[in-house]
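Subject: The structure you asked about

Hello,

Here is the structure, ready for you to open alongside this note. Below it I have written up what I found, chain by chain.

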Amino acid sequence: MLAFEDISVRYGRKTVLKAASATLQSGQVIAIVGPNGSGKTTLLRAISGDTRYDGTVALNGQDLSVLKPWQIAEERAVLPQISTLAFPFQVIEIVRLGAQASTTGHQDVIAQAALARVGLSGYANRFYQELSGGEQQRVQLARVLCQVWQPVVNGRPRWLLMDEPVSSLDIGHQLEVMQIARDFADQGGGVLAVMHDLNLTAGIADRVLLVHAGQIIADGTVDSVLTDDRLSNAYGCPIRTRSVPANGRWFLLPGTNAA
Amino acid sequence: MVALSTDSSALRDRRQTARAAHIWLIGLLLISSVASLAIGASGTSLWAALDKLAQGQELDLMERVVLWDIRLPRLVTGIVVGASLAVSGAVMQGLFRNPLADPGIVGVTSGATLGAIIAIVLGPLLPLAFLGTAMLPVFAFVGAWVSMVLLYRVATRAGRTSVATMLLAGIALAALGGALSGLMIYSADDDQLRDVTFWGLGSLAGATWAKVLIAGPIILGALLVSMTLGRGLNGLALGEAAANHIGIAVQRTKTIAILSVAAGVGAAVAISGGIGFIGIVVPHLLRLATGPDHRMLIVNSALLGASLLLLADVISRVVIAPAELPIGIVTAILGAPVFIWILIRSRGVVDL
Amino acid sequence: MITRRDFGLIGLAFAAQSGLGHAAQYNRILSIGGSVTEIIYALDQGHRLIARDTTSTYPPQALDLPDVGYARALAAEGVLSVGPELIIAEEGAGPPETIDLLEQSNIPFITAPDTYSRQGVLDKIRVVGDALQVPEKASTLARKVDGEIAAATHGITNGDQKRVLFIISTQGGRITASGIDTAADGMISLAGGINAISSFTGYKQVSDEAITAAAPDTILMMDRGGDHGAPDNVLFNMPAIATTPAGQNRSVIRMNGLLLLGFGPRTGQAVKQLNTALYG
């Protein structure tokens, strides 16, 4: 369980996130959506410990502010939106950086398995800097998977926090990464992802938090949260949503007043 | 859980290369050490002296002075200084995520230089005669330490150290140190100017047991502490946020890195003057050879830095014997062309 | 480059020497400092020298001796390797660590005082003579040098003393000149001139206006040969100098550095040469 309560973040005098609260269950893929500048990434950064915040974040019942970095790292991994890397590390070396002290015995095996999971097993000895942006993003995902390879350890679910995990990927790899998130949740872990693409979100998310102007304005299933009025208001443009006739799945048509 | 599929047959693991390098570099250090003890301007023979000792004979005065009071403290100084400069380079580069960083860019060197120049120029006027020949190293160490801690304080707000602020403030502090040094130099007399120049070129010639006993433990302590930084610096290569995500205590890593470099380089520069190049070249060579994993890099840097400085010292005392070339000249003359050659060869293969 | 074999040879020579211990007279002498070396040769004791420092460049046969490096940055093992029984050094030789080690090695280390005056030269000659155990020769040399200085300075009246500016460098158009308490200042006084700059000690960069204000009648420089010193047309075209009496009269004296500033046995000769150039 990942719970946050009354999370507020200020940058200087500007409050970019106001009293956000939610209790998230593992076994689900939970998406944070919202327009640019709404505060959705800030919310994830607060939960990840990247930014100072007021309020509390608790992971499996423990307040993060009293835990050491390595204790937190045992229970959640974070995939940043943009990754930089200094020095010419090889791909497998980066994936191994995710390994934790508790990842005993099989660290190297897990690292290779994580690399295979993102479809890059042949890339182990390639230099990271030589890869394309999409490949680099998948290497980072492999590193994150290596960190929380088993979604549940001793009955405690682990969490994957992802900031726009598919932003630089083609459609095939987008679906692949979403499937990885789905599998992680299905095996008992928790996934919390900031998502830009609402259609992709609708295809995977069990729960959606819609953030607008620094506040969570709606929280629930795809169908209950992503309504035409709410989206049009939040994104500041007319938005129509439809259901796929065959299976009733939600989708959004780009453009105004689409039929 | 996904099946653990592995096709490790083709996988090359640079950690194994790096571990093998431990062995090679220990060998190199042993050879360098023997060379440092055996080769010198005087005709004193290490082997003859060992032979005498083995047979229970007394060494004569010249053997005792040359081997015990000159070459041995010089060997120990060379090892700790070389190791400290190379390790500090590796740590600074890891901390600043930049292969060009060395203790010079954060003002440690300029602080030490200012301290040394104050000791040379103002020393005779200060009521510190009790320090004797220890005055210069003490001042240099204090200069290095004060400048580093000052920078650290400037760059740290609410418990977080901004590496970028530290870099910028370091440039400013280095400029200030340079100006104050210039002020000292302006009021220096001719002989003091010569002393300042020679100090800046670096030398192990002034190595004594007294200096080894004071500076050695500081440097060794700093080296040992640095050895614990490997994982933290690896994490920092991903950026501070990602390092925190994978469980690195980022602020603690930064603090330890900064303080150990200040102590190690401060003490090293204090007893040997300005020796350039080791801190940049050694980590870079090792990164090319065995990869940037700091857990391996720091240990190997210590070994290679010590070896190279010992060899440079042997050259410095032999090449124009009985006179000596300042070692900073040797490291730069030999190091710079080799470094450029390596850069040309590896250009395009590996991004800095 | 020195080979292992050379070390061996030095070692043998060394072993042979160390057996001598405290003989009545030391015959393997290391001289540190240009003026000390000159004095040793002037005392006809040059044959006893086995090595010198970098500043010992006169007389020419001194250059054949091994060079142990710069006087203030001596390396202990380099010094020991030439196997000296006695070291005579000008004041200021170092560093202290090296001197300590030499003392531990039971090698007598004599320091010759270095003050920039007539008496200073005489003292230096006596100290070196005593160290070489040739005090009579030293007295003779000291008297000779004293006589030469006296002769050179004879007959200078205080009324028409010339103002002399000693310039050590004009690098990049910036003039570095001598204040007081320098060898140059001492020589200018001995030769009957007045140092045009008395506001600071040592050698310092001087502003153009300060040089104009100093109003030297003549410029004194070291003759370094080749193009190292500024040629006359460059020197006198420097704005600071052009305005001075020296610049208007194009008056410059160039002398060998060690001769002029060494305060050794040739000091009388140097004073005479400078005095003649000033007033001759």
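A word on domains before anything else: the bounds I use come from an automatic or database domain assignment. By that assignment, chain C is divided into domain 1 (4-151) and domain 2 (163-279). Please also keep in mind that this is a predicted model.

Let me stay with chain C for a moment. It holds 13 helices and ten strands, and 46% of its 280 residues count as buried. If you look at contacts in chain C between residues at least 6 apart in sequence, 57% of them join residues at least 24 apart.

How do the two domains of chain C meet? Their centres, taken over C-alpha atoms, are separated by 30 Å. The contact between them takes 19 residues from domain 1 of chain C and 16 residues from domain 2 of chain C. On the domain 1 side, α2 (34-42), α5 (118-131) and α6 (135-153) of chain C each supply at least two residues. By class, that side of domain 1 has nine nonpolar, five polar and five charged residues.

Next, the contacts between chains. Chain C touches chain B through 34 of its residues, which meet 30 residues of chain B. On the chain C side, at least two residues each come from α1 (4-18), α3 (76-81), α4 (96-104) and β8 (203-206).

While you have chain B on screen, have a look at helix α7 (residues 190-201). This helix has twelve residues and reaches 17 Å from its first C-alpha to its last, close to the 16 Å expected at 1.5 Å a residue. Its buried residues are Gln192(B), Asp195(B), Phe198(B) and Trp199(B). Seen down the axis of α7(B), these buried residues fall within an arc of 125°, so they line one face of the helix. Part of what covers them is α4 (108-122) of chain B. After α7(B) comes Gly202(B), which has a positive phi, near 75°.

In soluble globular proteins, nonpolar side chains tend to be buried together. The largest nonpolar core in this model has 270 residues, and those with the most contacts inside it are Leu115(A), Leu165(C) and Met187(C). Helix α3 (residues 61-96) of chain B gives the largest share of this core, 19 residues. Domain 1 (4-151) and domain 2 (163-279) of chain C both give residues to the core as well, so it lies between them.

Leaving aside its neighbours within four places in sequence, Met187(C) is in contact with Leu260(C), Leu261(C), Ala270(C), Val271(C) and Leu274(C).

Best wishes

How values were computed:
Residues are numbered from 1 along each chain as its sequence is written. Chains are lettered from A and ligands numbered from 1 in the order in which they are written. This is a predicted model: local features need pLDDT of at least 70, side-chain atom pairs count only at pLDDT 80 or more; totals for chains, interfaces and linings use all residues. Two residues are in contact if their C-beta atoms, placed from the backbone, lie within 7 Å. Helices (H or I, at least four residues) and strands (E, at least two) are DSSP runs, numbered from the N terminus. A residue is buried if 20 or more other C-beta atoms lie within 10 Å of its own, exposed if 12 or fewer, and partly exposed in between; C-beta atoms are placed from the backbone. The expected span of a helix is 1.5 Å times one less than its number of residues. The arc is that of the directions from the helix axis to the C-beta atoms. Ala, Val, Leu, Ile, Met, Phe, Trp, Tyr, Cys and Pro count as nonpolar, Asp, Glu, Lys and Arg as charged, and the others, Gly among them, as polar. A nonpolar core is a set of buried Ala, Val, Leu, Ile, Met, Phe, Trp, Tyr and Cys residues joined through C-beta atoms within 7 Å.
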